[in-house]
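Keep the viewer open and try each task before reading on.

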Amino acid sequence: MAAARPAVPLPGWLAARILHQDPDVLILDKPAGLPVHRGPRGGGSLEDWLPLLQQGKRHLPQPAHRLDSDTAGCLALGRTKPALAALGALFAGGRAEKTYWAVMSGTPPGGSGVLDAPLRKVSHPRTGWRMEPHPEGQPARTAWRVLGRGEGLTWLELRPATGRTHQLRLHCTLLGGAILGDPLYGAAAPGGLHLLARSLRLPLDPPRRAEAPLPAAMQAAFGRCGWNGS
């Protein structure tokens, strides 16, 4: 059995990324550009942080769900094996309440709705892989609501009921425009991909909830849509 390690003080930059911590669950504010898992080509990833985040527990904390490398915001980790199993069941069953903020180029039809559009992965020898809408793809469902508009941009609240790869990025294109800064389904822009995993509610006993702040690199675009700093 793995032995518990003494807790050591966290460096300030990492402590500032902790949105919630208790003996079982950790919720981090993952920065955009940091992969959750180390890729085949190496490079930095969240896995480099896990020994620091162990904080006296017997096992390294482990991510309970996926968050794209380019996406910032709330990421839940289990600090014990039972907690990780419980979190995994929540996400697999669609019971974790995930809310995202995004700025998209263009204007969706109306002020709110639910988009139901299956997605599948396609590969091309020259351009690589991407996701595409297709009736034979995996079910993908997203509730959306307009929070603000300005200068040809729209600030959206997105609540995915499923967790398909690139789901929110593709569904925004179906609403009328790519997420600002999306180089795969739209075009690169200053500030990177304007997609934030804004809040996460986990219906455990007791429930856990966390909210991620808007990264500085995204604030100008959200501000043009009416975001006032809160």
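The radius of gyration used here is taken over C-alpha atoms, and the globule rule is 2.2 Å times the number of residues to the power 0.38. The model is a predicted one: local features need pLDDT of at least 70, side-chain atom pairs count only at pLDDT 80 or more, and totals for chains, interfaces and linings use all residues. Residues are numbered from 1 along each chain as its sequence is written, and side-chain values use heavy atoms, with hydrogens and water left out.

**Exercise 1. The whole chain**

Compare the radius of gyration of the protein chain with the globule rule.

Step 1. For 230 residues, the rule puts a compact globule near 17 Å; the protein chain has 18 Å, so the two agree.

Step 2. Along the principal axes, the C-alpha atoms fill a box of roughly 55 × 40 × 35 Å.

Step 3. Take contact to mean heavy atoms within 4.5 Å. Among contacts with a separation of 6 or more, 62% are between residues 24 or more positions apart.

Step 4. The accessible surface is about 11,300 Å², and carbon and sulfur atoms own 53% of that.

Step 5. Call a residue buried under 20% relative accessible area, exposed over 50%, and partly exposed in between (1.4 Å probe, protein chains only). By that cut-off, 43% of the 230 residues are buried.

**Exercise 2. Strand E11 and its partners**

Find which strands pair with E11, and in which sense.

Step 1. Helices (H or I, at least four residues) and strands (E, at least two) are DSSP runs, numbered from the N terminus. The protein chain holds five helices and 12 strands.

Step 2. Two strands pair if DSSP finds at least two bridges between them. Strand E4 (residues 72-78) meets this with two bridges to E11, in the parallel sense; here Ala72 stands opposite Leu196.

Step 3. Strand E5 (residues 97-105) runs antiparallel to E11, with five bridges, and Lys98 stands opposite Leu200.

Step 4. Strand E12 (residues 208-211) is also antiparallel to E11, joined by four bridges. Two residue pairs to look for are Ser199 with Glu211 and Leu202 with Arg208. A hairpin of five residues links E11 to E12.

Step 5. How many residues of strand E11 are buried? Seven of the eight in 195-202 are, so E11 is largely enclosed by the rest of the structure.

Step 6. In a regular strand the side chains alternate between the two faces of the sheet. E12 has Arg208 and Ala210 on a covered face, with Arg209 and Glu211 on an uncovered one.

**Exercise 3. Cysteines**

Search the structure for disulfides, meaning pairs of cysteine sulfur atoms within 2.5 Å.

Step 1. The search of the whole structure returns zero disulfides.

Step 2. For Cys74, the nearest cysteine sulfur is that of Cys172, 18 Å away. Cys225 also has the sulfur of Cys172 as its nearest, at 12 Å.

Step 3. Cys74 has 3% relative accessibility and therefore counts as buried; Cys225, at 3%, is buried too.

**Exercise 4. A loop glutamine**

Where does Gln54 sit, and what does its side chain reach?

Step 1. Gln54 is in the loop between helix H2 (50-53) and strand E3 (62-63).

Step 2. With 5% relative accessibility, Gln54 counts as buried.

Step 3. The side chain of Gln54 reaches the backbone oxygen of Lys57 at 2.8 Å. A polar contact is a pair of N or O atoms within 3.5 Å; within protein, one must be able to donate a hydrogen and the other to accept it, and residues adjacent in sequence count only if both atoms are side-chain atoms.

Methods. Areas by Shrake-Rupley, 256 points an atom, 1.4 Å probe, with all protein chains shown as cover.
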